[in-house]
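I opened this entry to record what I looked up in the structure.

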Amino acid sequence: MTDPESVDRIVRGHCSCEAVTFRVRGEPRFVAVCHCDNCRRAHGAGGVEWAGYREEQFEMDDESSLSHWRTPTEATRSFCSRCGSPLFFRAPRWAGEVHIAVAAMIDDPGKAPAVRVYADRPPAWLPVPKDGLKRFGGHDGMQPMGE
Ligand SMILES: [Zn+2]
Ligand SMILES: [Zn+2]
């Protein structure tokens, strides 16, 4: 069941310099914090909050300032070519989805993060907090860790 109000939800976002703007419609499929090495380096952060949407929910008027990096793991990370803000993630493992950096959003996506993935390999300088979010790890970052 979809909340009738959520269908009309529009969440806007942009990069630091506002050369890249985007919109998504409706609710995200999930919001999660990823602690994998690749997200950490790409975003310069100990964890990255991602909201996952179907591609059909995602809209951009102008992609001319967007750059893409195809990673060795076949994922595509998209960022602003002017200011460098990391924005979008796509991968064959999540075909048909775009994962959007929540930090780039202006509006509330309507969901708070529920899980931490790749939570079993934190750097020594930033232990993954035990804050009640479900923690997952293992080879694909998504095996339940228990508490
Ligand atoms: Zn920018
Ligand atoms: Zn990650």
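**Strand pairing, core and overall fold**

I started at Arg54, which stands opposite Glu97 in E9. The model is predicted, and I read every entry below with that in mind.

I then looked up the two strands around this pair. Strand E4 covers residues 48-54 and strand E9 covers residues 97-101. They run antiparallel and are joined by 5 bridges.

Next I asked where E4 and E9 sit in the sheet order. The open sheet has 9 strands, ordered E6-E7-E8-E9-E4-E3-E10-E11-E12, and its pairing is mixed. I noted E6 (66-70) and E12 (143-144) as the edge strands, each pairing on one side only.

I turned to the largest nonpolar core and counted 28 residues in it. Cys34, Trp50, Leu87, Ile100 and Ala101 have the most contacts inside this core. At least two core residues come from each of E2 (21-25), E3 (30-34), E4, E7 (76-80), E8 (86-90) and E9. I checked Ala101 separately: leaving out residues up to four places away in sequence, Ala101 touches Val48, Trp50, Pro86 and Leu87.

Last, I looked at the whole chain. I found 2 helices and 12 strands, in the pattern α-β-β-β-α-β-β-β-β-β-β-β-β-β along the sequence. The radius of gyration is 15 Å, close to the 15 Å from the globule rule for 147 residues, so the chain is as compact as a globular protein of that length. The C-alpha trace spans about 40 × 40 × 25 Å along its principal axes. I noted that 29% of the 147 residues are buried.

Conventions:
Residues are numbered from 1 along each chain as its sequence is written. Chains are lettered from A and ligands numbered from 1 in the order in which they are written. This is a predicted model: local features need pLDDT of at least 70, side-chain atom pairs count only at pLDDT 80 or more; totals for chains, interfaces and linings use all residues. Two strands pair if DSSP finds at least two bridges between them. Helices (H or I, at least four residues) and strands (E, at least two) are DSSP runs, numbered from the N terminus. A nonpolar core is a set of buried Ala, Val, Leu, Ile, Met, Phe, Trp, Tyr and Cys residues joined through C-beta atoms within 7 Å. A residue is buried if 20 or more other C-beta atoms lie within 10 Å of its own, exposed if 12 or fewer, and partly exposed in between; C-beta atoms are placed from the backbone. Two residues are in contact if their C-beta atoms, placed from the backbone, lie within 7 Å. The radius of gyration is taken over C-alpha atoms; the globule rule is 2.2 Å times the number of residues to the power 0.38.
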